Amino acid sequence: MTSASNNFLKGKVERILIPVDFSPKSSLAIEHAVAMARVYGASIWLVHVLDGTIFVAGSVPGVLIEIRERCQTALEELAESIRKEGLECSVLLCEGDLDSEIEKVIADYHIDALVLATKAGTALAGFSFVSTAERILRKTMIPVLTVADCHPVHKWTGEGCFHIF
């Protein structure tokens with residue numbers, strides 16, 4: 001068991017990591033992480049990972065630099081909105097494989113909990129969860145809160161099985 005897992009079991013969470021892709025789902029994850037940070041008095045760490053493999057040699061010069069700058073600015077804007085709520089917030093912009101970079105950030109910065117946006121949905125769309133979120137869940141040894149915008153739940157009478165869509 002990692003020290004981060006021990007911290008969580010003791011009710012001590014000091015650092016919460018949120019991988020951000022600037023989507024509405026990331027915003028929802030941030031909302032949940034902010035609420036969690038208030039409960040524990042924790043700091044929030046926002047991370048965005050650029051996949052460097054999508055940029056091939058011969059691409060337009062300066063494109064990657066501009067993308068990095070825009071991502072850094074967007075991260076800082078998100079962090080500032082969190083800081084305005086009285087919470088400590090740090091940002092990290094990484095480049096590489098998403099799963100590996102998140103795993104590295106967790107280890108390097110002694111992250112205690114991870115709040116992860118998912119793309120969970122209904123029917124076949126629900127299988128998108130298997131992609132990024134499940135790979136990260138399988139690799140990490142710290143507590144993970146997965147957040148998805150859910151469909152409204154129909155009223156359950158409390159009898160028999162009920163499938164939630």
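Trp-45 is buried, with a relative accessible area of 13%; here buried means under 20% relative accessible area, exposed over 50%, and partly exposed in between, computed with a 1.4 Å probe and protein chains only. The structure is a predicted model, in which local features need pLDDT of at least 70 and side-chain atom pairs count only at pLDDT 80 or more, while totals for chains, interfaces and linings use all residues. Residues are numbered from 1 along each chain as its sequence is written, and side-chain values use heavy atoms, with hydrogens and water left out.

A search of the whole structure finds 1 aromatic pair. Its members are Trp-45 and Tyr-109, in a tilted arrangement with 5.0 Å centre to centre and 45 degrees between the planes. Rings of Phe, Tyr and Trp (its six-membered ring) are paired if their centres lie within 6.5 Å; planes under 30 degrees apart count as stacked, over 60 as edge-to-face, and the rest as tilted. Trp-45 belongs to strand β2 and Tyr-109 to the loop between α4 (98–108) and β4, so the pair ties together parts that are 64 residues apart in sequence. Tyr-109 is partly exposed, with a relative accessible area of 32%.

## Overall organisation

The protein contains 5 helices and 5 strands, arranged along the sequence in the pattern α-β-α-β-α-β-α-β-α-β. These elements are DSSP runs numbered from the N terminus: helices are H or I with at least four residues, and strands are E with at least two.

Of the 165 residues, 33% are buried. Among contacts between residues at least 6 apart in sequence, 72% join residues at least 24 apart, where contact means heavy atoms within 4.5 Å.

## The nonpolar cores

The largest nonpolar core has 22 residues, and those with the most contacts inside it are Ile-16, Ile-18, Ile-30, Ile-44, Leu-46, Ile-82 and Val-115. Such a core is a set of buried Ala, Val, Leu, Ile, Met, Phe, Trp, Tyr and Cys residues joined through side-chain atoms within 4.5 Å. At least two residues of this core come from each of β1 (15–19), α2 (24–40), β2 (43–50), α3 (63–83), β3 (89–95) and β4 (113–117). The most is given by α2, with 6 residues.

A second, separate core of 15 residues includes Trp-45, Val-47, Leu-114 and Ile-136. In the largest core, Ile-82 is among the residues with the most contacts. Leaving aside neighbours within four places in sequence, Ile-82 is in contact with Ile-30, Val-34, Ile-44, Leu-46, Leu-87 and Cys-89.

## Strands β2 and β3

Strands β2 and β3 pair in the parallel sense over 7 bridges; two strands are taken to pair if DSSP finds at least two bridges between them. Val-49 stands opposite Cys-94 in β3. Strand β3 is mostly covered, with 5 of its 7 residues buried.

In helix α5 (residues 132–139), the residues Ala-133, Glu-134 and Ile-136 are buried. They cover an arc of only 160 degrees around the axis, which puts them on the same side of α5; the arc is that of the directions from the helix axis to the C-beta atoms. The cover over the buried residues of α5 includes α4 and β4.

Met-141 is located in the loop between α5 and β5 (144–147) and is exposed, with a relative accessible area of 58%. The C-alpha atoms of Met-141 and Asp-112 are separated by 9.6 Å, and these residues are 29 residues apart along the chain.
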